[in-house]
Amino acid sequence: MGRIVIAGAGYGGVMAGKKFENSHTPFVMINKHSYHQFITWLHEAAGGRNHVDDYKVELTDIFTRHGTMIVKDEVTGIDRQENKLLTIRGSYPYDYALIALGSAPEFFGIPGLSEYSMQLRSLETARQIRTRIEREFARFKDHKEKSKLRIVVGGAGLTGIEFVGELLEWLPKLCAKLDISSSSFEVITIEATDSILPALMPSLQKTARDILEQKGAKIMTSTKIERVEEGRVYLGSGEVIEAGTIVWTGGVRANTVLSQAGLTCDRRGRAQVNDYLQSIDDERLFIIGDCASLIQSGKPLPPTAQMATQMGQLAAKNILALLTNESMQKFHPKMLGTLASLGSGQGVGTFGRFKTSGTTAGLAKDLTKVKYLYQLGGLRMVTHIRKPLLKQTAWQV
Ligand code: NAD
């Protein structure tokens, strides 16, 4: 039996691990934390829904079979000569490694952005954003500075727009709790291109914009963030916006471990893989999710959880095939649709071949949540371990 090491317990990594457990194949899972975090739902955690810690699940609750070794450590490099993954505390030899280390924010070299903005990229950053907003609102009664209740969200992709939808639901409640007028706060989205939600078709972009503007969002398209200072956002138009909270959701790039290992990467740092999800430079490395660049129909596949889970399942299947001298299978992604939530129970997007918006889209989005929890750990995960996450959805159990 070959030595299999999975680097990263994100969406792709855990799905690969489930596949190995289901086929009774031992593997090592190395992850920075002892838990898997629900990155695609972090806008809820940062935007005041549920408890922040509801958005994680311990790896020992996902992987329960004898033979699985979970290591809490950080992968820092790949020694391709010796076939070892290097970590802060040691090294892990492999016959096949599955690299699923996810992505980090892309700052495009914009001055001050990484220092003076917050990013929605982990459970901890979601907690920091939520705490910052709660603190600014709680202090308002003392200083009455309206700009401190202004929240600027840079980038109107799915991450930014889902966060804005959540804020518009939460902030009026927070104001009521603190006895502040709900006309005191302002949520501003700044987007460089001429439309929001680039992943959706124009009619759905318009529906989402209408819904958010009706709820009070100010959406500035064709407006680029060019510089950020403490509490100040400088726009291409020359305008300067003061804000108590600045959140950057302007895009992602892959983990730097890949380029540092000398793998062929695209301009966002994603390593090129073949149709079997192996690195084009090293057949012992399977690379998936936000770390992988796989060109299909002339474009790289998007770095979404949907792609990562499907890639994780196939990469694990292909490693098992290599270990048993069977043929590997090519990756054929199933595009199941793209849904953006706009607060609890509301959304916009495509579900299969159908366009959907409003509460139907919200229901569809909640259904994807139930489905993912079920994939992770069956009914036990849905009805017991992560039950709190299904509060405020149509799928309360
Ligand atoms: P993104 O790249 O999709 O969107 C970032 C947006 O920021 C773009 O519209 C871009 O034009 C804008 N931008 C970049 N520079 C700017 C600047 N200087 N000033 C103003 N705007 C600027 O990034 P994301 O939303 O973080 O999403 C990353 C990936 O994750 C995408 O593939 C997305 O589809 C996926 N995702 C999916 C879901 C979902 O399926 N519900 C949720 C979140 C993220």
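This is a predicted model: local features need pLDDT of at least 70, side-chain atom pairs count only at pLDDT 80 or more; totals for chains, interfaces and linings use all residues.
View 1. The shell as a whole counts 29 residues, and the closest to the ligand are Gly155, Gly157, Leu158, Thr159 and Ala192. The elements that each supply two or more residues to this shell are α6, spanning 158–178, and β25, spanning 339–341.

View 2. The protein chain is divided into domain 1, made of the stretches 4–32 + 73–105 + 252–335, and domain 2, which covers 113–248. The centres of domain 1 and domain 2, taken over C-alpha atoms, are separated by 34 Å. Each of these two domains gives at least three residues to the shell around the ligand.

View 3. Strands of a sheet pair through backbone hydrogen bonds, and the pairing may be either parallel or antiparallel. Here, five strands in the order β5-β2-β1-β9-β21 form an open sheet with parallel pairing. Its edge strands, each of which pairs on one side only, are β5 (68–72) and β21 (285–287). When direction is ignored, neighbouring strands of this sheet are turned by 20° against each other on average. Within the sheet, strand β1 (residues 4–7) is joined in the parallel sense to strand β9 (residues 96–99) over four bridges, and alanine 7 is found opposite isoleucine 99 in β9. Helix α9, residues 305–323, packs on the sheet and touches β1, β9 and β21, while its direction makes about 175° with that of β9.

View 4. Strand β6 (residues 75–79) and strand β7 (residues 84–87) run antiparallel and are joined by four bridges, with isoleucine 78 placed opposite leucine 85 in β7. The hairpin of β6 and β7 has four residues between the strands, and in this hairpin asparagine 83 takes a positive phi near 50°. Strand β7 also pairs with strand β8 (residues 91–93), again in the antiparallel sense, over three bridges. In that pairing, leucine 85 stands opposite tyrosine 92 in β8, and the hairpin formed by β7 and β8 has three residues between the two strands.

Terms used. Residues are numbered from 1 along each chain as its sequence is written. A residue is near a molecule or strand if its C-beta atom, placed from the backbone, lies within 6 Å of it. Domain bounds come from an automatic or database domain assignment. Two strands pair if DSSP finds at least two bridges between them. Axes are lines fitted to C-alpha atoms, for helices over the stretch in contact, and angles run from 0 to 180 degrees between N-to-C directions. Two residues are in contact if their C-beta atoms, placed from the backbone, lie within 7 Å.
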